[in-house]
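This briefing reviews selected local features of one protein model. Please consult the sequence and the structure shown below while reading.

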Amino acid sequence: MATIYDVQIQSNNQPDTYRITWKNIQQQSQDYFDQTDHLLSEAEASRQWQMPEYQRHIGRKLFHFLDGDGRHLTRALLEAAQQGESLILHLRACEQVRDWPFEILADDHHFLLPEKLHLIRRVSDWGAGKQEPPANRPLKLLFMACSAIDVQPELDFEKEEETIFQVTEKLAIDMEVDDTGFLAGLKEQLTNQQFDVIHLSGHADINRENAPFFIMETETGHLHCVFPRDLYDEALRDNPPQLLFLSGCRTGEAPDAAAAMSFAETLVAEYHVPNILSWGRSVSDEQAIWAEQVLFRELSRGKTLLDAVQRARRELYQKTVYSPHQAWTLLRRYSSQPHPGALVQPGQKAQPKARQATQAWLGRSQVSYLKTGFVGRRRPLQASLWALKQDNDKVGLLIQGMGGLGKSCLAGKICERLHDHPLIVVKGRLDAIALQKALKDAFLMARDEEGQTILAQAKEMPDKLADLCATVFKNKRYLLILDDFEQNLEGYEKGQPGALLSEAVPLLKTLLDYLPLCLKQTQLLMTSRYPFTLTQQGQELVAQRLQLIPLASFRPPEQRKKAQELKHLQKIRDEYQQVELIAAGHGNPRLMEWLDQLVGQMTEQELPHLTQHILHQQQEFIQQHVLRELLTRSGADFEKFLTWCSIYRRPVLESGIRIMAEAAGLKEGERLRQQGLNLTLMEEDPVHKSFAVAPILREELLRQLTDCHPCHTAAFGYYEQQCANRDPLDPVLTEEWIYHALGCGEEEMASRQGARLVDNLREHLAYLESKRVGEWVMAEKKLPLQTDVDANLLNSLAFTLNAMGKQHEAIKYFEQALAIWKVVWGEKHQNVATALNNLGSAWADLGDPKQAIGYYEQALVIDRAVYGDQHPNVARELNNLGAAYYNIGDKKQARANFEVSYQIFLKFFGPEHPHTKTVAEWLANL
């Protein structure tokens with residue numbers, strides 16, 4: 001049975017006199033004496049005890065202080081020795097001596113705590129009768145390092161995390177690392193699960209009011225002074241651990257003020273945290289980390305907290321016996337428990353467990369990120385939040401880095417922190433239609449009627465954006481996300497990014513010009529693989545208005561944290577191979593995930609060959625090798641399945657995957673799809689129930705695809721199903737339908753749907769997008785433009801150019817359409833008349849009414865021959881002729897044409913029709 005004494009030191013009424021009561025816990029007997037001698041001097045109590053040359057002398061004085069004339073401490077040590085164990089002292093010290101260094105108690109030969117004595121600073125009896133049985137599982141440890149960027153010296157938290165990882169990875173410890181460093185992050189961790197041990201590492205101090213505080217971080221990485229009440233109320237209250245290790249300087253030091261308690265003592269005495277380890281003064285990082293290693297090792301082996309602390313103290317003493325700074329004397333334990341046992345049962349086996357990495361999606365978008373398992377981006381996250389919340393010169397962020405580095409993941413974590421901002425998400429190409437849809441979805445979700453009203457206005461998108469920035473975006477908080485923005489750069493798909501696409505320029509320019517009006521209520525978040533510029537009047541708007549957040553590859557400590565998620569790499573028994581393969585991931589999270597999947601498919605005997613093959617190779621080489629190996633080992637069917645599915649540029653429904661698998665002659669499409677998801681080579685969006693090949697892999701596979709025709713044919717069939725009966729037309733899906741129609745030779749369908757899409761975009765005032773689609777379809781067609789549908793496409797594009805004020809270009813396309821229709825339908829067909837009328841209108845808009853009159857008259861002759869004198873088409877040409885004659889000053893001829901036109905429209909449509917009213921207005925003005 002353990003030898004336990006409760007030692008209480010109380011101050012008497014007389015100066016420098018104390019009553020010391022010794023109580024034998026087992027026998028429930030006690031004795032006391034008054035102590036007036038052996039007091040420490042002020043210098044000994046405050047400074048000298050930290051110096052090795054004074055410690056043994058001061059330790060003996062403390063020994064005699066507690067021993068008294070009755071030799072109480074001597075007899076207790078002898079009693080424990082007879083039992084073959086260390087003495088346990090529960091020390092209850094009054095305020096005058098609570099900060100004395102009892103940890104250096106020494107007899108005439110040795111310091112006691114490293115070998116013979118357990119010292120517990122007992123400051124409460126709360127829960128003294130409660131004893132948790134040791135759990136039959138690995139030790140659950142939560143590690144959080146706090147290192148505010150505006151506090152010096154800045155703590156090397158990554159080094160400390162790495163060290164703890166290294167010492168615990170082979171132990172029976174289930175370790176979770178919180179990367180936030182701030183109070184809300186700790187609270188979130190404790191909301192989700194219970195931990196045996198919480199380790200908080202960081203700076204601590206005592207302020208001028210003698211209040212001890214722990215330095216944590218704000219969400220932007222800056223200093224946040226946390227006091228004991230804050231830590232308990234805002235984090236620990238609902239799920240306190242069995243042991244809290246406050247690894248910060250002075251966390252166990254009592255302030256000078258009377259009745260003041262240390263940070264650690266306050267948490268035990270007032271907030272009933274059962275056990276706390278702390279440092280009585282300043283401690284070096286190296287010695288603190290060494291103590292942590294030993295402590296966690298012993299606790300994971302099923303040792304009691306008493307034994308674990310004593311072992312840590314002993315090894316630290318032996319390691320630093322000749323050092324001028326010895327941290328073993330500073331380690332203080334405060335407790336409310338008399339004799340806590342082990343936290344876990346001994347004999348637990350080390351079971352490397354991948355940290356849970358759970359994906360989530362931003363809003364209802366196709367932008368995924370890690371809800372849990374996000375590691376290694378604390379400083380970029382903090383810099384991002386600082387720019388968004390504090391930097392008034394910036395209206396948002398540009399997160400830039402190569403593929404696989406986790407740009408979208410970082411964007412997702414930023415959105416989590418700005419949870420009160422509704423999201424407006426555009427992934428990939430930025431144009432008026434994509435932005436219109438994103439804005440509409442966001443305003444509907446936010447029930448923003450003002451936003452919906454502005455969005456419904458008959459204006460071009462840049463004008464709508466300007467209005468929104470002056471009203472809705474200024475009064476309400478939104479976060480506009482442009483993810484994978486590199487897709488808006490010319491030459492992106494060929495890996496040769498150039499200038500911004502023309503349809504993206506006015507939208508981005510408007511945002512960067514007008515978002516400053518919003519006073520940081522609404523901001524912009526962009527992710528891009530490649531840098532880009534947008535210059536206006538000699539100023540580079542992107543650099544001026546957006547904070548650049550460059551993402552580099554993980555550094556070694558971050559790689560180690562990421563590796564904790566990778567179950568196959570964690571199971572490699574050869575430590576050297578494990579380290580080499582983790583390093584081969586070059587700190588690229590996606591490449592590391594694929595390496596892990598490949599290792600999972602290999603035998604132990606194959607791993608040395610893999611290591612040798614990729615060791616010291618460039619990241620691009622390793623990525624290609626890993627992907628080839630993954631595909632090869634997964635079988636020919638799987639490789640063919642992914643290769644064919646890579647033809648899809650956008651995520652598709654399950655039916656799209658099934659159609660492609662069947663076209664490839666593969667009977668197990670469902671199994672292959674699931675295999676792709678399991679290997680992270682495919683991505684799933686559960687919100688839209690859609691699937692896509694991972695973007696980086698898709699680019700690799702497309703380069704290897706020699707015959708795209710059958711893949712495009714299958715994709716064409718899928719989009720035909722999706723689009724054929726859709727009303728209204730979906731511009732995004734229709735463009736994909738056209739893309740695959742061009743790829744498989746369905747050029748007539750490409751022209752037909754291209755004309756529809758060009759008209760649809762123009763009707764929505766998306767002129768640049770309309771122009772792009774028309775020119776794209778014509779450029780990609782391999783057959784000459786010669787059919788009726790080709791003429792329709794030319795005609796539609798010409799209307800768009802005319803509406804944009806590009807009459808010369810419009811006339812060129814109107815003339816091409818006219819020439820085709822004359823060949824297809826003959827000289828006297830109504831389509832020819834329509835083309836002639838269109839040409840007349842273009843010349844009129846160009847300011848040449850005489851040229852226009854010639855085309856109108858040719859059209860009028862054909863329509864009269866086809867329809868007779870009383871037809872709306874005839875009235876149309878007469879109205880146009882009237883306007884042209886009016887513009888050359890021939891009002892008599894103008895009136896004659898308007899009067900006939902008016903009578904025809906009146907007959908067919910009545911007096912209230914817009915056509916009839918328009919002609920009536922002309923007549924009224926003559």
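Predicted model: local features only at pLDDT ≥ 70, side-chain atom pairs only at ≥ 80, totals over all residues.

Is Glu265 buried or exposed? Glu265 is buried, since its relative accessible area is 5%, under the 20% limit for that class.

**Salt bridges**

- The structure contains 64 salt bridges in total. Side chains of opposite charge can pair when their charged atoms come close.
- Glu265 pairs with Arg98 in a salt bridge whose closest N and O atoms are 3.4 Å apart. Because Glu265 belongs to helix 7 and Arg98 to the loop between strand 4 (87-93) and strand 5 (117-122), this pair ties together parts that are 167 residues apart in sequence. Arg98 is buried as well, with a relative accessible area of 13%.
- Glu747 and Lys781 form a salt bridge through their side chains, at 3.5 Å from N to O. Glu747 is in helix 30 (residues 747-763), while Lys781 is in the loop between helix 31 (767-780) and helix 32 (788-803), so parts that are 34 residues apart in sequence are tied together. Glu747 is buried at 6% relative accessible area, and Lys781 is buried at 10%.
- Arg895 and Glu899 are joined by a salt bridge of 3.9 Å, N to O. Both residues lie in helix 37 (residues 891-909), where they are 4 residues apart, about one turn of the helix. Arg895 is partly exposed, at 32% relative accessibility, and Glu899 is partly exposed, with a relative accessible area of 38%.
- A network of salt bridges links Asp99, Glu103, Arg121, Asp205, Arg250, Glu253, Arg281 and Arg332.

**Helix 33 and helix 34**

- Helix 33 (residues 807-825) packs against helix 34 (residues 830-846) at an angle of about 165°, and their axes are 9 Å apart. The two helices are therefore roughly antiparallel, because angles over 145 degrees fall in that class.
- Helix 33 passes helix 34 in a left-handed crossing.
- On the side of helix 33, the residues in contact include Ile811, Phe814, Leu818, Trp821 and Trp825. Among their counterparts in helix 34 are Val832, Leu836, Leu839, Trp843 and Leu846. The residues of this contact divide into 12 nonpolar, 4 polar and 3 charged.

**Helix 6 and helix 7**

- Helix 6 (residues 228-236) and helix 7 (residues 263-271) pack at about 55°, with their axes 9 Å apart. These helices are therefore oblique to each other.
- The crossing of helix 6 past helix 7 is right-handed. Pro228, Arg229, Leu231 and Tyr232 of helix 6 make the contact with Phe263, Thr266, Leu267 and Tyr271 of helix 7. By class, the contact residues of helix 6 with helix 7 are 6 nonpolar, 1 polar and 1 charged.

**Backbone features**

- The peptide bond from Asp727 to Pro728 is cis, with omega near 10°. Pro728 is located in the loop between helix 28 (709-723) and helix 29 (731-743).
- Leu519 is not a glycine, yet its phi is positive, at about 55°. Leu519 occupies the loop between helix 16 (505-514) and strand 20 (522-528), and Leu519 is exposed, with a relative accessible area of 64%.
- Gln537, also a residue other than glycine, has a positive phi near 50°. Gln537 sits in the loop between strand 21 (535-536) and strand 22 (539-540) and counts as exposed at 80% relative accessibility.

Key:
Residues numbered from 1 in each chain as written. Heavy atoms only, no water. Axes fitted to C-alpha atoms, helices over the stretch in contact; angles between N-to-C directions. Parallel < 35°, antiparallel > 145°, perpendicular 65-115°, else oblique. Left-handed = near helix turned anticlockwise from the far one by under 90°. Contact = heavy atoms within 4.5 Å. Nonpolar A, V, L, I, M, F, W, Y, C, P; charged D, E, K, R; others polar. Buried < 20%, exposed > 50% of the residue type's maximum accessible area, 1.4 Å probe, protein only. Salt bridge = Lys/Arg side-chain N within 4 Å of Asp/Glu carboxyl O.
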